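Hi,

Here is the structure I promised to hand over. Have a look at it first, then read my notes below.

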Amino acid sequence: MKLASASDLVLPGYALRVIDALESAGYEAWAVGGWVRDSLRGAEGHDVDVTTAALWQQTEAVLTAAGIEVHETGTAHGTVTVVVDGEPVEVTTYRTEGAYSDFRHPDEVHFVTDVREDLARRDFTVNAMAFHPERGLLDPYGGRDDLRAGVIRAVGEPEQRFREDALRVLRAVRFACRLGYAIEPATQAALVTCAPELSEIASERIGQEMEGIVETGRVDWALLHETDVLVAAIPEIGAMRGFDQRSPYHAYDVLEHSARVCRAVEEFQGGLATPELRWAALLHDIGKPATFMTDATGRGHFFGHPKVGAEMAETIMRRLALPTDLVRRVRILVRMHDHTVYPTPRSIRRTLRKFELVCPGHAARLTWELLDLKRADAVSKVPSAARYAVELDRVSEALRRELERKPPLNVRDLAVDGGDVMRETGMAPGPGVGLLLDTLLTAVINDELPNEREALLRELRWPGCQ
């Protein structure tokens, strides 16, 4: 990989102001972390972090005197957050760390005066570089060479790095997915050894890292190459590994099939799949092992696996403290992934209505995503099953035509309202009005009535509605 020259790196003005203020007061300071890594790669800028020889109290005094806003955000670890021209910069004292008895936080922190000691505590070589606009790049662990080679390598002894902070196991996978890098063999071996220690990490922290992995669009790689790590993060995935589906429609076990579906949704969505579609692809068959049965011929069946899988997906995502709206959208996609959609207005409207009931306002988007999930599912089976992906093109055309007609998906879309119901039927205000509107909506969706005011009023006047 061709990298930018260190001499070509240009710190943003707001970060320069912080470094200049500290160094004018006699305290060495460097830019560190993601900004250095991504700038060398020529990637879009990352938030700038600064590390300095100044203690946090000295940093606060110097920067306050320079007219810079300072917030005490992590003083136990030597960190303050400053705001320059509306941009936040974390400024942290050079430090080393003691043992991590909880696998996440150091038992003690020691402030030091040598930036190299600070870099030695960091997780991966690509994150253990420092940059100064005059002194240039400081790279004691070969991070630049690993960037060029496309390698994620732990700083120092890998197992020690992961035992200090078990969450680094997932961070390694996230960086490999995000950057498209390989994991260096000794680091990979330590990942597998230390993955079980993720059980000591708070679920919401695991959820944050898993979100990052899924958002890269390369969770398929993680499923196949970092299975032990993902099973440690989401134990339910373990049952998918090696699970023979015993089906003439499937060429792969449940885990590899799911990985291929994850890859296929990225291809069908041009690498821009939504978070809910990525999570649904990952978890769409999570319920298969729990519902497996064989018939008299030995063929495998998974009756009810979409319903069970939807419940499992919700349980997993809530345990990981993922956003409620995301959980709701993923659950309905998993629940619907085996739902048959025909290229008819009635079938399209019924499908849209199912999504509208669960995720109001998102029915059209989720229906498009369902079709791509079904395409991805089809092309990830045996070759003969992939023909269904082509058949879904007719469904897509029907969906496009139906959406152009703006079909009613909610009682508010009907040509009559609650006032009309009460006038025509003499019904008093109450739940019955809504139930009657729901009945009319169902009739319209099923092509039993047109969504026309006079036709609906005639239906309300029918004696059965009185």
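**Salt bridges**

Let's start with Arg349, which makes a salt bridge to Glu402, with 3.0 Å between the closest N and O atoms. By salt bridge I mean a side-chain nitrogen of Lys or Arg within 4 Å of a carboxyl oxygen of Asp or Glu. Before going on, please keep in mind that this is a predicted model, where local features need pLDDT of at least 70 and side-chain atom pairs count only at pLDDT 80 or more, while totals for chains, interfaces and linings use all residues. Residues are numbered from 1 along each chain as its sequence is written, and side-chain values use heavy atoms, with hydrogens and water left out.

The Arg349–Glu402 pair ties together distant parts of the chain: Arg349 belongs to helix 17 (residues 345–358) and Glu402 to helix 19 (residues 387–404), 53 residues apart. Helices here are DSSP runs of H or I with at least four residues, strands are runs of E with at least two, and both are numbered from the N terminus.

Are these two buried or exposed? Arg349 has 7% relative accessibility, so it counts as buried, and Glu402 is buried too, at 3%. The cut-offs are under 20% relative accessible area for buried, over 50% for exposed and partly exposed in between, using a 1.4 Å probe and protein chains only.

Arg349 also forms a salt bridge with Asp447, and there the closest N and O atoms are 2.2 Å apart. That pair again links distant parts of the chain, since Asp447 is in the loop between helix 21 (431–445) and helix 22 (453–461), 98 residues from Arg349. Glu402 has another partner in Arg405, with 2.7 Å between the closest N and O atoms. Arg405 is exposed, at a relative accessible area of 53%.

Elsewhere, salt bridges with shared partners connect Arg37, Asp38, Arg41 and Arg178 into one network. Searching the whole structure gives 39 salt bridges.

**Aromatic rings**

How many aromatic pairs are there? The count is six, where rings of Phe, Tyr and Trp (its six-membered ring) pair if their centres lie within 6.5 Å, and planes under 30 degrees apart are stacked, over 60 edge-to-face and the rest tilted.

One of them is Phe124 with Phe162, a tilted pair at 6.3 Å centre to centre with 50° between the planes. Phe124 sits in the loop between helix 4 (115–120) and strand 8 (130–132), while Phe162 is in helix 6 (residues 158–164), 38 residues away. Both Phe124 and Phe162 are buried.

Phe124 also pairs with Phe175: the ring centres are 6.0 Å apart and the planes meet at 75°, so this pair is edge-to-face. Phe175 is in helix 7 (residues 167–179), 51 residues from Phe124, and both of these are buried. Together, the ring pairs join Phe124, Phe162 and Phe175 into a cluster.

Two charges sit over rings, meaning NZ of Lys or CZ of Arg is within 6 Å of the ring centre and within 35 degrees of the ring normal. Arg174 lies over the face of Phe175, 5.0 Å from the ring centre, and Lys288 lies over the face of Phe302 at 4.8 Å.

Two strands pair if DSSP finds at least two bridges between them.

Going through some of the pairings:

- Strand 3 and strand 4 (residues 79–84) run antiparallel and are joined by four bridges, and Gly74 has Thr79 as its bridge partner in strand 4.
- Strand 4 and strand 5 pair antiparallel over six bridges, with Val84 opposite Glu87 in strand 5.
- Strand 2 and strand 5 run parallel, joined by four bridges, and Asp49 stands opposite Glu90 in strand 5.

The hairpin of strand 4 and strand 5 has two residues between the strands, and Asp85 takes a positive phi near 55° there.

Cheers
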